[in-house]
Amino acid sequence: MKSASEAIELINTKPKPLALYVFSKDKRMLKQFTQRVSAGNVCYNDTLMFMLNDKLPFGGVGQSGMGRYHGKWGFDTFSHLKPVMTRSFNFDVALRYPPYSKLKDKVLSWFAG
């Protein structure tokens with residue numbers, strides 16, 4: 001490629017990559033890749049080493065894959081958090097139910113913030 005912009009334009013004509021590797025000492029150019037290319041992972045001046053770091057998630061974007069893997073991210077990706085709420089029947093406020101009046105509207109809007 002003749003320029004970073006040319007490389008970025010070419011990359012962006014293809015499906016989103018699973019990983020992007022760029023080798024350069026030019027921090028402004030690296031920032032361009034970070035800002036203008038969507039990829040699962042980005043690694044500058046090395047290849048595959050980020051996969052050995054269990055503190056970093058690994059995963060794709062769009063067609064390159066979904067989710068994040070490694071350590072806790074993998075656990076979270078393959079886990080379904082199921083919120084469960086139980087309300088007691090011991091205390092119920094008629095204010096919650098119709099018919100609504102101006103007073104009920106005022107009190108409810110006060111609680112809603």
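Q: Let's start with T47. Buried, exposed or partly exposed?
A: Partly exposed, because the relative accessibility of T47 is 35%. Keep in mind that this is a predicted model.

Q: Where does T47 sit?
A: T47 is in the loop between strand 2 and helix 3.

Q: Which residues does T47 touch, leaving out those up to four places away in sequence?
A: Y21 and F23.

Q: How far apart are T47 and F23?
A: In sequence, 24 residues. In space, their C-alpha atoms are 9.5 Å apart.

Q: Back to Y21. Where is that one?
A: Y21 belongs to strand 1, which covers residues 19-22.

Q: Is Y21 buried, exposed or partly exposed?
A: Y21 is partly exposed, because its relative accessible area is 31%. The cut-off for buried is under 20%, and exposed means over 50%.

Q: Tell me about L48 then. Where is it?
A: L48 is in the loop between strand 2 and helix 3. L48 counts as partly exposed because its relative accessible area is 47%.

Q: What about the phi of L48?
A: It is positive, at about 65°. L48 is not a glycine, though.

Q: Where do I find N45?
A: In the loop between strand 2, residues 41-44, and helix 3. N45 is partly exposed, because its relative accessibility is 41%.

Q: How far is M51 from N41?
A: They are 10 residues apart in sequence. From C-alpha to C-alpha, M51 and N41 are 9.5 Å apart.

Q: Is N41 buried or exposed?
A: N41 is buried, because its relative accessible area is 10%. You'll find N41 in strand 2.

Q: What does N41 touch, beyond residues up to four places away in sequence?
A: L18, A19, L20, F50, P57, F58 and G59.

Q: G59 is on that list. How far is it from W73?
A: The C-alpha atoms of W73 and G59 are separated by 9.5 Å. Along the chain, the two are 14 residues apart.

Q: Where is W73?
A: W73 is in helix 3. W73 counts as partly exposed because its relative accessible area is 29%.

Q: New topic: K104. Which helix is it in?
A: K104 is in helix 4, residues 102-112.

Q: Is K104 buried or exposed, and what about a salt bridge?
A: K104 is buried, and it has no salt bridge. The nearest side chain of opposite charge is D105, 8.6 Å away.

Q: What lies 3.3 Å from a polar atom of the K104 side chain?
A: The backbone oxygen of A94.

Q: Which residues does K104 touch, not counting those up to four places away in sequence?
A: A94, L95, Y97, P98 and P99.

Q: Two prolines in a row. What kind of peptide bond joins P98 and P99?
A: A cis peptide bond, with omega about 5°.

Q: Where is P99?
A: P99 is in the loop between helix 3, residues 71-77, and helix 4.

Q: Last one: K16. Where is it?
A: K16 is in the loop between helix 1, residues 4-11, and strand 1. K16 is partly exposed because its relative accessible area is 41%.

Q: How far is K16 from S88?
A: Their C-alpha atoms are separated by 49 Å. Along the chain, K16 and S88 are 72 residues apart.

Methods. Residues numbered from 1 in each chain as written. Predicted model: local features only at pLDDT ≥ 70, side-chain atom pairs only at ≥ 80, totals over all residues. Heavy atoms only, no water. Helix = DSSP H or I, 4+ residues; strand = E, 2+ residues; numbered from the N terminus. Buried < 20%, exposed > 50% of the residue type's maximum accessible area, 1.4 Å probe, protein only. Lys, Arg positive; Asp, Glu negative; His and termini not counted. Salt bridge = Lys/Arg side-chain N within 4 Å of Asp/Glu carboxyl O. Polar contact = N/O pair within 3.5 Å; in protein donor to acceptor, adjacent residues only side chain to side chain. Contact = heavy atoms within 4.5 Å.
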